[in-house]
Every structure is written in C-alpha cells, then in structure tokens.
Amino acid sequence: MIARRGICAALAIGAAAAWLASAQASDARRPNVLLILTDDQGYGDLRLHGNEKIDTPVLDRLAAESTRFDRFFVCPLCTPTRATLLSGRYYLRTGVASVTRGLETMRSEEVTIAEVLKGGGYATGCFGKWHLGEHYPNHPNGQGFDEFFGMPTGHWDNYFDPRLDHNGRMVATRGYITDVLTDAAIRFIERHRDRPFFCYVPYNAPHTPLQVADAYFDKYKARGLDDRAAAIYGMVQNIDENMGRLLRKLDALGLADDTIVIFLSDNGAEGREGSRYNAGMRGMKGSVHEGGVRVPLFVRWPGKVPRDKVVEQIAAHVDLLPTIAELCGVPLPRTRPLDGRSLAPLLMGKDQDWPDRMIFTRMPGWKRLVSYTGPVVRDLQPFPGAVRTQRWRVVNVGSGWQLFDMGADPGQTKDVAAAHPQVVERLGRAYREWFADVTREPIVRPPIPVGHPQRPAVELPSPEAYFTGGIRWYNQYGFAHDWLTGWTDLADSVWWDVDVVAAGRYRVTAMIACPAQAVGTTLRVTAGDSSVQGSIRQAHEPRPVLRPSRQKKRRYVQTFVPLELGPIELEKGRVRVTVEALNRPAHEVCDLQAVWLRKVE
C-alpha cells in the first residue's frame with residue numbers, strides 16, 4: 001500500500017508539473033511571488049476563523065480569493081519557523097537552536113528560497129524581521145536578498161519612527177513600523193515591475209512590544225477587550241490595512257494575475273491559554289499542541305490556483321520552498337536534502353491518493369542551552385515534541401506520550417493513548433528517529449564574522465557575548481538590544497568569539513553607560529597579541545526606563561555613548577576579543593552594550 005501511494009503521489013506531482021509547464025509556456029514571464037509572514041498572529045486572529053471581535057476584511061477577502069490550507073503547521077517560536085520556511089529543512093538541521101544569544105543564526109551555507117529564485121533570474125527583497133543572524137554572510141544580503149530593509153535581529157524596542165537596517169546601514173524612518181515596511185516593499189515592487197520578483201515581507205507585528213496608535217487601541221477597548229487584546233487586535237487590523245495597500249499596488253501595476261500571493265503566520269497566538277480567541281484549539285505560542293503551531297496559509301494566483309478552495313490535507317512550513325520553486329518553474333539547485341514536499345498537486349487539484357505523512361514539531365528551549373563561557377550548546381533535549389498525521393497528534397511535553405484523535409477531538413480534550421498503543425509506539429519511534437537525524441550535525445554558537453568586504457564595520461553585541469562572575473544581562477534573558485551590567489569584580493571579563501575574514505587594523509569603540517563616579521575607569525580590549533586601552537573621561541548615567549507598551553512588561557531600554565579606544569591589529573582566523581577593566585573607581589565598572597570593530601582603510 002505504501003509503495004502504491006508513493007507511485008500515485010509521483011504521478012500526481014508529475015501531472016501538476018506538466019500543467020504548470022503548459023501554463024507557464026503561455027505566459028510572458030515567470031510569476032512574481034509576494035510572501036507575507038506575520039509575527040505571533042494566531043489562527044484565531046482573523047474574523048473568517050470565527051473571531052467576531054476583530055476586523056480583518058482584506059485578509060478575509062484574500063482567503064476567499066485563495067486556496068486555503070486549513071491544517072498548516074509551523075514551529076512554536078519565530079526563529080525556528082523562519083529557518084525552516086526559508087530553507088525547506090527542519091530548523092535543527094540549519095544550525096538554529098533557539099531565538100537569541102547567537103543560537104538564532106542560520107548557517108550561511110543553507111540555501112534559501114531567495115537564493116533559489118535569484119538563480120532563476122528573480123529580483124529579491126526582504127522587508128521586515130529576519131531573525132536568522134545579523135552578521136554578514138548570515139544577514140539577508142548574504143542569503144540571497146538583493147535588498148533588505150528591516151530588523152536583522154528579533155526584538156525591536158520602538159515601533160514609531162524606528163531606525164532600521166537598509167542593506168547593512170542603519171537609517172532613520174518616519175511612521176509606524178508596519179506602514180514603513182510596507183512602503184519599502186511597495187517601492188521594491190514598483191522598481192521591479194518589469195521582471196520577476198520575490199518580495200518577502202516578514203512583519204514583526206503583532207509581536208510585543210504592544211505599541212499601536214490610539215485610534216486602533218481605542219476601537220478595540222470600546223469592544224470590551226483588555227489592554228493586551230485591544231493592542232494586538234489593533235496591530236492586526238493595521239497589518240490588514242497594509243495588506244490592502246500591497247494588493248492594490250499589484251492591481252494598479254497590472255501585476256495581480258502574474259503574482260503568487262502567500263500569507264501565513266510564524267506560530268500560534270502569544271499569551272496565556274484562553275487569554276484570547278484561538279478557535280477552540282489547545283495551546284498557544286510556545287506549545288507543541290495544535291494551537292501553538294497551526295496557522296493560516298492562503299495562496300492566491302488568479303487563473304492558476306482555484307479561489308475559495310479549502311485544502312484539508314496537512315502541510316507545513318518545510319513545504320514552501322519546493323512549492324514556490326515548482327510554481328515558478330525554477331529548478332532546485334543542489335542543496336542539502338529537503339524535508340518538505342511541493343504542494344503544487346494540492347493547489348492544482350491533482351491530489352488523488354495524496355499520501356499521509358508525519359509533520360514533526362519541537363519546542364526549542366533557550367534559557368538552559370547557552371554556556372556563558374563557551375560555544376557548545378548544552379542540554380539539547382528532544383522534548384517537548386509532537387508528531388502530527390492527518391488523523392493523530394501525539395504529544396510529549398516531557399512526561400510521556402499523549403495521543404489525540406484530531407478528527408474526533410480537535411480541541412484535544414481526551415488522551416486516547418491507552419486505547420491505541422500501536423499508534424503511540426509507531427509515532428513515538430518516528431519522532432525519536434527524526435530528532436536523532438536532525439541533530440546529527442552538532443549545533444554550536446557560531447563566531448561573529450569580522451572584516452567581510454561587504455561589512456567593514458561589525459557590532460559585537462552583548463546578547464552574543466560570553467562573560468564571567470556577577471556580570472549579567474540587564475533584562476535577564478539576553479534578547480536583542482539587551483546590555484551587560486553587574487560588573488563589579490576586576491577579575492571578570494567579557495569576550496566574543498570572532499572569525500576575522502580579512503586581517504588588518506580595526507578601530508575599536510565600546511558603547512557604555514556609567515555614573516560620574518566611574519570616570520577614570522580604564523578598559524582594555526585584547527585580541528591575540530594586540531590590545532588597545534582607554535579611560536572613561538565623561539559620565540553617561542545609566543537610566544533604564546520601561547519600554548513603551550500598552551501592557552507593561554519587564555523590558556527596559558536605555559541609551560549608551562561611544563568610548564573610542566583606538567586601533568587594534570587583527571590576524572585572519574578565529575580569535576577571542578576580550579574586554580577587561582584595569583581599575584574600578586566606582587562600585588561597578590560600567591554598563592556595556594556592545595563593542596564595534598571598524599576596518600581602517
């Protein structure tokens with residue numbers, strides 16, 4: 001039976017490929033791709049999914065104009081989903097293990113959708129949250145994107161008039177972040193209207209901080225929602241309006257019929273279980289239950305993909321790379337083995353006897369994975385984890401397998417493991433084999449590349465630092481833009497693991513904050529046999545303030561000033577860049593945000 005299903009699936013895929021070849025032969029060019037990914041927007045954050053408290057008219061209309069995958073699965077957190085989606089491979093294969101501290105960095109040798117399409121003659125642009133490595137070549141510009149405008153890291157603290165990365169250079173902007181990103185995507189579409197383009201728009205909303213204009217917030221407060229839900233729904237409505245702007249631009253340029261529009265989210269809704277509408281599913285963001293990983297997927301291609309069609313077969317983020325490549329008629333280059341399969345047969349109605357499959361889910365830990373004194377990832381556990389088939393979801397959160405019949409019990413209210421021990425054994429064994437396979441290549445915190453010709457200036461950020469003693473991140477967890485504090489012992493130090501691509505002289509700048517009593521503190525930066533030192537000559541009082549948010553959360557921000565230390569010689573290869581304090585006039589040395597290395601011509 002398995003062999004027969006495989007043959008039928010191959011025939012279905014062949015039929016879909018033949019249909020696509022015929023359709024594309026009649027077209028003047030390959031289709032454009034507009035791929036929109038939202039951040040923390042749950043399955044239930046759409047009116048068409050039964051949420052009567054939210055207004056999403058554009059997305060509801062897009063769904064009606066699309067083929068919709070009603071059982072589409074991603075990862076429980078954002079970085080793993082992004083790595084899997086862009087590579088077509090489960091995230092642990094790509095070097096990603098978590099969401100911060102360098103463990104969000106995808107190996108640069110992974111081949112992304114952008115690289116596949118660029119090889120087929122596409123212009124490629126990414127506008128929004130990358131979260132797969134901020135340093136070139138792990139930066140979007142090194143992973144196939146001609147243009148990047150947005151956030152290379154995960155968290156961003158200010159959504160109004162934000163400073164954003166444009167091809168490696170920070171630029172000032174005016175306006176709300178989702179509007180600003182949409183403006184940039186529209187400019188990209190306009191510039192490349194006469195050639196095939198891949199426009200990837202990974203919005204960072206409605207992820208925290210919950211910052212949104214009063215008009216949106218007040219509207220949903222008036223509907224009786226609490227501050228958190230009102231802010232999130234307002235952010236989603238703003239996304240909906242920006243989706244309308246993108247679709248209208250395609251219409252105005254006459255590109256709608258030639259553009260594949262794909263919409264999805266990166267994980268389930270963030271928050272406590274039951275804190276907002278989740279379509280009756282169990283689990284929220286961070287959970288391996290259905291509600292943590294089931295998201296909407298809409299695919300619109302007028303005249304090619306059926307409209308208002310619902311696909312019931314399960315599918316996942318691993319499938320998007322092979323699907324997009326096939327729809328665009330771009331051959332896949334030689335890559336590492338893919339985990340996904342093309343969904344073209346399901347989109348084209350050539351899905352007779354589509355075989356059942358297993359989709360694997362694992363919840364990445366992050367608090368316990370990082371050693372503060374070395375690059376080795378520790379305690380990489382297989383659980384929480386889950387396997388989803390068309391009928392079953394088997395879940396292990398660390399205390400044994402539970403089994404749920406998702407057709408009969410979509411809310412996962414009854415564990416039926418005792419009644420189906422063979423199913424539990426089969427799926428549990430498959431999960432263990434999968435985890436062993438995807439972790440065969442050890443995961444380590446990667447060094448920071450320095451001296452690449454495309455990036456003469458490199459930031460060594462605190463979240464990627466190693467340190468000793470009482471030094472700690474101010475915001476506890478070391479997310480993006482955090483800083484180091486608690487430096488009271490002269491025996492302690494901070495360092496970064498660096499891979500110098502080009503030897504030479506580099507100007508060293510430390511970004512610090514310190515009280516007046518700390519003036520006179522001398523910092524020394526050492527790399528190999530070379531060092532440079534300088535004294536703090538001016539105070540900059542540390543004044544952490546709560547990050548603005550509609551719902552207060554323990555996340556502080558503050559400003560830092562540069563301390564120019566002078567040039568240092570860096571030899572090519574791996575080296576440790578270490579910051580030490582030679583004296584300590586005050587109780588603490590200083591707060592340290594980052595060290596910059598700028599190559600001297």
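Visitor: How many residues of helix α3 are buried?
Guide: Residues are numbered from 1 along each chain as its sequence is written, and side-chain values use heavy atoms, with hydrogens and water left out. Helices (H or I, at least four residues) and strands (E, at least two) are DSSP runs numbered from the N terminus, while buried denotes under 20% relative accessible area, exposed over 50% and partly exposed in between (1.4 Å probe, protein chains only). Helix α3 covers residues 78-87 and is mostly covered, the buried count being 10 of its 10 residues.

Visitor: Which elements cover the buried residues of α3?
Guide: The buried residues include Cys78, Arg82 and Ser87. Among the elements that cover the buried residues of α3 are β1, α4, β3, β7, β8 and α9.

Visitor: Which residue just after α3 takes a positive phi?
Guide: The phi angle is about 75° at the position just after α3. The residue there is Gly88.

Visitor: Why does Glu441 count as partly exposed?
Guide: Glu441 lies in the loop between α11 and β16. The residue counts as partly exposed because its relative accessibility is 36%.

Visitor: Which residue is joined to Glu441 by a polar contact between side chains?
Guide: Leaving aside neighbours within four places in sequence, Glu441 is in contact (heavy atoms within 4.5 Å) with Arg107 and Arg336. A polar contact is a pair of N or O atoms within 3.5 Å; within protein, one must be able to donate a hydrogen and the other to accept it, and residues adjacent in sequence count only if both atoms are side-chain atoms. At 3.3 Å, the side chain of Glu441 is joined to that of Arg336.

Visitor: Where does the pLDDT stay under 50?
Guide: The chain averages a pLDDT of 93, and 95% of the residues score at least 70. Where pLDDT is low, the predicted coordinates should not be read in detail. A stretch with 18 contacts beyond four places in sequence stays under 50, namely residues 1-19.

Note on methods: This is a predicted model: local features need pLDDT of at least 70, side-chain atom pairs count only at pLDDT 80 or more; totals for chains, interfaces and linings use all residues. pLDDT is the predictor's confidence in each residue, from 0 to 100.
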